[in-house]
Amino acid sequence: MNFEINKLLLEEKIPFEFTLKNEDVKDIEGKIGEDGALARGTIEKLSRGTFFVTVTVEMTMIYPCARCLEPTPVECSYEYSETVTVEEDEVVLNLVPVVEECIYINEPYRVLCSDDCAGLCPKCGSNLNHEQCSCDKNGDLDPRFEALKKLL
Ligand SMILES: [Zn+2]
Ligand SMILES: [Zn+2]
């Protein structure tokens, strides 16, 4: 994940490959699966302190289902490239932030555990894929209106 800048300066383009675990990253929505995230790509020297990084990240990401919140694995292959500038006194180029950015900008807006996920009961919160609660699904009234209804 850390590349010595002195070595990078010797070549025009250097290929890299490393694996990140979930605990190595922050600021992403999903959770990286147990096998980790395989990051592969190239570091291209543009100038003394500027590198063009291209990366492909392959992994199983775990996202909560948008309807029932069940952790749902999704096979992902995300691509990203960025020009990275390093300070004069830096000795290593750390690619973890680039991988984080790659995951972050590609994350799906909405994940469903299955297309026909029944979701959660809006009243009691039961997962309707696994159990049938006894809530009245038709009378979607706020409890405060229940009292009024009795008066009608
Ligand atoms: Zn679901
Ligand atoms: Zn219910």
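Val 55 touches Ala 39, Arg 40, Gly 41, Tyr 80, Val 98, Val 99 and Cys 102, leaving aside residues up to four places away in sequence, where a contact means that the C-beta atoms of two residues, placed from the backbone, lie within 7 Å. The model is a predicted one, in which local features need pLDDT of at least 70 and side-chain atom pairs count only at pLDDT 80 or more, while totals for chains, interfaces and linings use all residues. Residues are numbered from 1 along each chain as its sequence is written, and chains are lettered from A and ligands numbered from 1 in the order in which they are written.

The chain holds 3 helices and 7 strands (DSSP runs numbered from the N terminus, H or I of at least four residues for helices and E of at least two for strands), and from the N terminus on they follow the order β-α-β-β-β-β-β-β-α-α. Of its 152 residues, 15% are buried, that is, with 20 or more other C-beta atoms within 10 Å of their own.

In helix H2, residues 96-106, the buried residues are Val 98, Val 99, Cys 102 and Ile 103. Viewed down the axis of H2, these fall within an arc of 135° and so line one face of the helix, the arc being that of the directions from the helix axis to the C-beta atoms. They pack against strands E2 (13-20), E4 (37-47), E5 (50-64) and E6 (71-85).

Methods: Buried ≥ 20, exposed ≤ 12 C-beta atoms within 10 Å, placed from the backbone.
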